[in-house]
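Morning, everyone. I have one structure to walk through today. Let me put it on the screen.

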Amino acid sequence: QVQLVESGGGLVQPGGSLRLSCVVSGSIFSIYSMAWYRQAPGKQRELVASITKGGRTNYADSVKGRFTISRDNAKNTVYLQMNSLKPEDTADYYCNAGVQIPSTLTINTYWGQGTQVTVSS
């Protein structure tokens, strides 16, 4: 079993900052790509940012220059630092990871339960 648990969401004013964290735990051989997605009400889930095991990052155009994804491989944790937040960033944010499990060495994709981010004055 592999679990992803997000934290750090909440209510913030426009222009403010939040830092999301996602810890991966359970039966893990290795963690490959990690990512953050978000889903606003009535919209499809979209990729916000991703990071490879080696640290290569990729961002949605809408968050470039404002959000930073990072990871601590020793702690099996991925972070999303969100600065200059806008009302349109309001969404449920989900952590995603490609995890290689020891029993079969297959790489499966796992999701967290989501954390809500609301940007409003």
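Start with a definition. A charge sits over a ring if NZ of Lys or CZ of Arg is within 6 Å of the ring centre and within 35 degrees of the ring normal. Keep that in mind for the first contact. The charged end of R19 sits over the ring of Y79, at 4.0 Å from the ring centre. There is also R45, which lies over the face of W111. Here the distance to the ring centre is 4.7 Å. One caution before I go on: this is a predicted model.

Strand β3 covers residues 18–26, and strand β8 covers residues 77–82. How many bridges join β3 to β8? The count is 6, and the two strands run antiparallel. Take V23 as one example: its bridge partner in β8 is T77.

Next, the hairpins. Strand β4, residues 30–39, pairs with strand β5, residues 46–51. The sense is antiparallel, over 5 bridges. Within that pairing, Y37 stands opposite L47 in β5. The hairpin of β4 and β5 has 6 residues between the strands. In the turn, G42 has a positive phi of about 80 degrees.

β5 also pairs onward. It is joined to strand β6, residues 57–59, by 3 bridges, again antiparallel. S50 has N58 as its bridge partner in β6. This hairpin has 5 residues between β5 and β6. Its turn holds G55, with a positive phi of about 105 degrees.

Last topic, the nonpolar core. The largest one has 31 residues. Which of them touch the most other members? W36, L80, M82 and Y93 do. The largest share comes from β9, with 5 residues.

One more count for the aromatics: the structure holds 1 aromatic pair. That's my tour. Over to you.

How values were computed:
Residues numbered from 1 in each chain as written. Predicted model: local features only at pLDDT ≥ 70, side-chain atom pairs only at ≥ 80, totals over all residues. Heavy atoms only, no water. Pairing = 2+ DSSP bridges. Helix = DSSP H or I, 4+ residues; strand = E, 2+ residues; numbered from the N terminus. Phe/Tyr/Trp six-rings, centres within 6.5 Å; stacked < 30°, edge-to-face > 60°. Core = buried A, V, L, I, M, F, W, Y, C linked by side-chain atoms within 4.5 Å. Buried < 20%, exposed > 50% of the residue type's maximum accessible area, 1.4 Å probe, protein only.
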